[in-house]
Amino acid sequence: MFCYLPGAVGMPFLQYIPKTLPAVLEGLADDVEGVREQAMEAAQAAIARYGTEESALDSLLPSLENGLFSENWRIRQASVTLLGELLEQIAAHASMSERMSQLEQGKVSACGEVVPCFCILENSPIQYFFFHL
């Protein structure tokens, strides 16, 4: 069920992420492989839906940070994977934003190369997270 809620409900579901994501991450430690797969799909759905929303980082990062220090190796491994997916999503969003900005300013042509920009990380919760571990 948690796999579909972020996509179906949208931003109103964001307020429940701090309560649901820790439970989903606990599902990654289950002995049954099917439960682990569903838990990973649910976590990935939340990251896919809210990963580029700056206001959502405050909801996503604490649970993922706690997962990094879990006693269970499966939760630690999944937390690293999910953080990687979150970073990929932020980088892609930043790259797209930078490209659109450059296109609007006429600095590059529509087929020009744009180097990914990580400016979105400056002064954001994710920057605080990675530099204060």
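This is a predicted model: local features need pLDDT of at least 70, side-chain atom pairs count only at pLDDT 80 or more; totals for chains, interfaces and linings use all residues.
Now the overall layout. The protein has 6 helices and 0 strands. Along the sequence the pattern reads α-α-α-α-α-α. The protein has 133 residues, and 37% of them count as buried.

Helix α2 covers residues 17-27, and helix α3 covers residues 33-50. They pack at an angle of about 145 degrees, and their axes are 8 Å apart. The crossing of α2 and α3 is left-handed.

Which residues of α2 meet α3? They are Ile-17, Leu-21, Val-24 and Gly-27. On the α3 side, the partners are Val-35, Arg-36, Ala-39, Ala-42, Ala-43, Ala-46 and Tyr-50. By class, this contact has 9 nonpolar, 1 polar and 1 charged residues.

Let's look at α3 by itself. Helix α3 has 18 residues. From its first C-alpha to its last it reaches 26 Å, close to the 26 Å expected at 1.5 Å a residue. The buried residues in α3 are Arg-36, Ala-39, Met-40, Ala-42, Ala-43, Ala-45, Ala-46, Ile-47 and Tyr-50.

On to the core. The largest nonpolar core holds 27 residues. Ile-17, Leu-28, Tyr-50, Leu-64, Leu-82 and Leu-86 touch the most other members. Helices α2, α3, α4 (57-68) and α5 (73-105) each supply at least two residues of this core. Which helix gives the largest share? That is α3, with 7 residues.

Follow Ile-17 for a moment. Leave aside its neighbours within four places in sequence. Then Ile-17 is in contact with Pro-22, Ala-46, Tyr-50, Ser-59 and Leu-60.

Ser-59 takes us to helix α4. Helix α4 has 12 residues and reaches 16 Å from first C-alpha to last. That is close to the 16 Å expected at 1.5 Å a residue. Its buried residues are Leu-57, Ser-59, Leu-60, Leu-61, Ser-63, Leu-64, Gly-67 and Leu-68.

Why does Ser-59 count as buried? Because its relative accessibility is 12%, and the cut-off for buried is under 20%. Not counting residues up to four places away in sequence, Ser-59 touches Leu-14, Ile-17 and Pro-18.

Back to α2 for another residue. Thr-20 is found in this helix. Is Thr-20 buried or exposed? Thr-20 has a relative accessible area of 14%, so it is buried. Thr-20 and Ala-46 are 26 residues apart along the chain, and their C-alpha atoms are separated by 9.9 Å.

One last stop, at the start of the chain. Where does Cys-3 lie? Cys-3 is in the segment before α1 (5-9). Cys-3 is buried, because its relative accessible area is 14%. Which residues are in contact with Cys-3, leaving aside neighbours within four places in sequence? They are Gln-38, Glu-41, Ala-42 and Ala-45.

To recap: 6 helices and 0 strands, and a largest nonpolar core of 27 residues, with its largest share from α3.

Definitions and conventions: Residues are numbered from 1 along each chain as its sequence is written. Side-chain values use heavy atoms; hydrogens and water are left out. Axes are lines fitted to C-alpha atoms, for helices over the stretch in contact, and angles run from 0 to 180 degrees between N-to-C directions. Helices (H or I, at least four residues) and strands (E, at least two) are DSSP runs, numbered from the N terminus. A crossing is left-handed if the near helix is turned anticlockwise from the far one by less than a right angle, and right-handed if clockwise. Contact means heavy atoms within 4.5 Å. Ala, Val, Leu, Ile, Met, Phe, Trp, Tyr, Cys and Pro count as nonpolar, Asp, Glu, Lys and Arg as charged, and the others, Gly among them, as polar. A nonpolar core is a set of buried Ala, Val, Leu, Ile, Met, Phe, Trp, Tyr and Cys residues joined through side-chain atoms within 4.5 Å. Buried means under 20% relative accessible area, exposed over 50%, partly exposed in between (1.4 Å probe, protein chains only). The expected span of a helix is 1.5 Å times one less than its number of residues.
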